[in-house]
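Let's take a friendly walk through a structure together. Please have the sequence and the 3D view open as you read.

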Amino acid sequence: MKIIVVDDEPIIADTLANILNGEGHNALAFSRGEPAIRLAEVMQPDLLVTDVVMPEMDGIETAKAIRKLVPGCRIILFSGQAQSIDLVSKARAEGYFFEVLAKPVNPELLLEAINRTQKDGAGSAARLTPDQQF
Amino acid sequence: MRQEADARVRDNEKRLQRSEAELRNALIAAQQLAAIVESSDDAIASKDLNGIVTSWNRSAERLFGYTAAEIIGKPITTIIPPELYVDEDMILGKIRKGEKIDHFETVRVTKSGERVDVSLSISPVRDEQGRIIGAAKVVRDITENKKIERALRTTEKLAAAGRLAATVAHEINNPLEAVHNLVFLARRDVTNSEKVAQYLEMAQRELDRVSHIARQTLGFYRDTSAPTKISLVKTLEDLLFLYEKRLEVRGIRVTRQYKDEGEIMALAGEVRQALSNLISNAIDAMPTGGSLCVRVSKSHTWGDHKPGVRVTVLDTGSGIPAQAQKKLFEPFFTTKADVGTGLGLWITKNIVEKHGGNIRFVSGTGLQHGTAFSIFLPSSGPSEAVEEKGRAEDFRRAKAG
């Protein structure tokens, strides 16, 4: 699976991409939204995993831009900040529905979520346990 | 003769009639006044210069539970809590001098022993010659207002706790996420010891961050230990290490201008927190990068030339708007609605002053925007006297709160 990972903390983006690559995916890490969008146009990713609250362009704006460029791309937001709830509900009001995971996410659970949906068929929302959802 | 006598009688009659009319009018006026006083929603009472109650309206009966018959002739101290008897001396002192007292907020006691928050307005009462013979007081029950005020304060504290929790979540979840990932990678690459060592070292750094944040935000740090000799340069270096990630992520350049090692006697944990708050604020002011300068130099107090060290933290952030500058050191004041607790600078100022130092800042939002905080700490550290004062203030604050 072609995956783009965005987190303003490089250590998180790098380790997550490393984990995904180890599982046989083709993952690339970014610490800002803009270059991720530029690459998405070329790469046509299957999945975007992005942090929500970031300086400059936030995760929601990044996700909206990538969804426009690559409508089939699955999007998972993951965030450790309460502000995200407002941002996500604002996006929902605008008609954008994204899967959301609350940081910290155990990578095993993230992989499970990714694989589960792959089996169930792309596009449908990952079934997350209630405490993982906002 | 007779005519003269008749005229005098008529004159006298007229005068008498006039006096009668005046008296009647005065009586009517007095009755009207009495009716107003009687029906007023505010409790109105009067007392003589010895503090003996001379009148007591119906609202006073309702508020304090004593009937007029019960309290007239008794000392006004009947409704004053014993610890506030000094109030009465102050009030009578002012009244004797002919001064008025407006909206004096205090506490009074009802017949059933219940305490009520009241606002008093007291005016001197004079006789026909203008001599002060007593005082009239209007008492307004402000218990409800006080209740609302207290509720507001509690709400504010809860909101602060909420903001604090949000800050902690924000700061802790990221390093935890990194540790999760690093442990996963260490297990995956378990046969490659070099890689594992690298992952573990990174995980260690992230855990250091979590520990620091927990101490900083949850502790409200109060170390009870005695002052020790510390180096402010070392303290700053430790902090810059801990904030390394945040500085890196935002692209903030750090300049160090250490003209002195900055050795002082101080409560290490508290000084560390004071400096940490300044650096953390500077970082928050520059979300899209900038430059942070930390400076340490020898200095002394203005008046008695007490030697000490000045630490300056400069940022090229957005600057503090003029209207926010006035309230900067107030508790629960924050310009960072989402992440601020509004306690950082208040705590910092308390710590600095406890050490006998001072804190100043300059900030601009214009073309040359940015903020510089400068704290002076004396080499000698917190003296006994300063600590005593600090403790007394804490006590007062605790009582007031």
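Residues are numbered from 1 along each chain as its sequence is written, and chains are lettered from A and ligands numbered from 1 in the order in which they are written.

Let's begin with confidence. The term pLDDT stands for the predictor's confidence in each residue, from 0 to 100. Chain A has a mean pLDDT of 83, with 85% of its residues at 70 or more. For chain B the mean pLDDT is 83, and 85% of its residues reach 70 or more. Residues 384–401 of chain B have a pLDDT below 50, and beyond near neighbours in sequence this stretch has five contacts in the model. In chain A, pLDDT stays under 50 over residues 119–134, for which the model has 21 contacts beyond four places in sequence. Here, two residues are in contact if their C-beta atoms, placed from the backbone, lie within 7 Å. Where pLDDT is low, the predicted coordinates should not be read in detail. For the complex, the predictor gives an ipTM of 0.80 and a pTM of 0.47.

Now turn to chain A. Its helices (H or I, at least four residues) and strands (E, at least two) are DSSP runs, numbered from the N terminus. In what order do the five strands of the open sheet in chain A lie? The order is β2-β1-β3-β4-β5, and the pairing is parallel. Two strands pair if DSSP finds at least two bridges between them. β2 (26–30) and β5 (99–102) of chain A stand at the edges with a single partner strand each, so one side of each has no neighbour in the sheet. On average, neighbouring strands of this sheet are turned by 20° against each other, direction ignored. To see one pairing, look at β1(A) and β2(A), which run parallel and are joined by five bridges; V5(A) stands opposite A29(A) in β2(A).

Next, find the helices that lie across these strands. α2(A) lies across β1 and β2 of chain A and runs at about 170° to β1(A). α3(A) lies across β1, β3 (47–51) and β4 (74–79) of chain A, at about 165° to β3(A). Axes are lines fitted to C-alpha atoms, for helices over the stretch in contact, and angles run from 0 to 180 degrees between N-to-C directions. The two helices also pack against each other: α2(A) (residues 33–43) and α3(A) (residues 59–69) meet at an angle of about 10°, with their axes 10 Å apart. That makes α2(A) roughly parallel to α3(A), a label for angles under 35 degrees; over 145 counts as roughly antiparallel, 65 to 115 as roughly perpendicular and the rest as oblique. Among the residues that meet are A36(A) and I37(A) in α2(A), and A65(A) and I66(A) in α3(A).

How do the two chains meet? In the model, 21 residues of chain A are in contact with 21 residues of chain B. α1 (10–22) and α5 (107–120) of chain A each supply at least two residues of the side that touches chain B, and α1(A) gives the most, with seven residues.

Finally, follow chain B. An open sheet of five strands in chain B has the order β2-β1-β5-β4-β3, with antiparallel pairing. β2 (53–56) and β3 (101–109) of chain B stand at the edges, each with a single partner strand, so one side of each is left without a neighbour in the sheet. The twist averages 30° from one strand to the next. Within chain B, β4(B) (residues 115–126) and β5(B) (residues 132–141) run antiparallel and are joined by nine bridges; the bridge partner of S119(B) is R140(B) in β5(B). Further along, β9(B) and β10(B) form a hairpin with six residues between them, and H305(B) in the turn has a positive phi of about 55°. β10(B) also pairs with β12(B) (residues 370–378) in the antiparallel sense over eight bridges, where V313(B) has F373(B) as its bridge partner in β12(B).

Note on methods:
Predicted model: local features only at pLDDT ≥ 70, side-chain atom pairs only at ≥ 80, totals over all residues.
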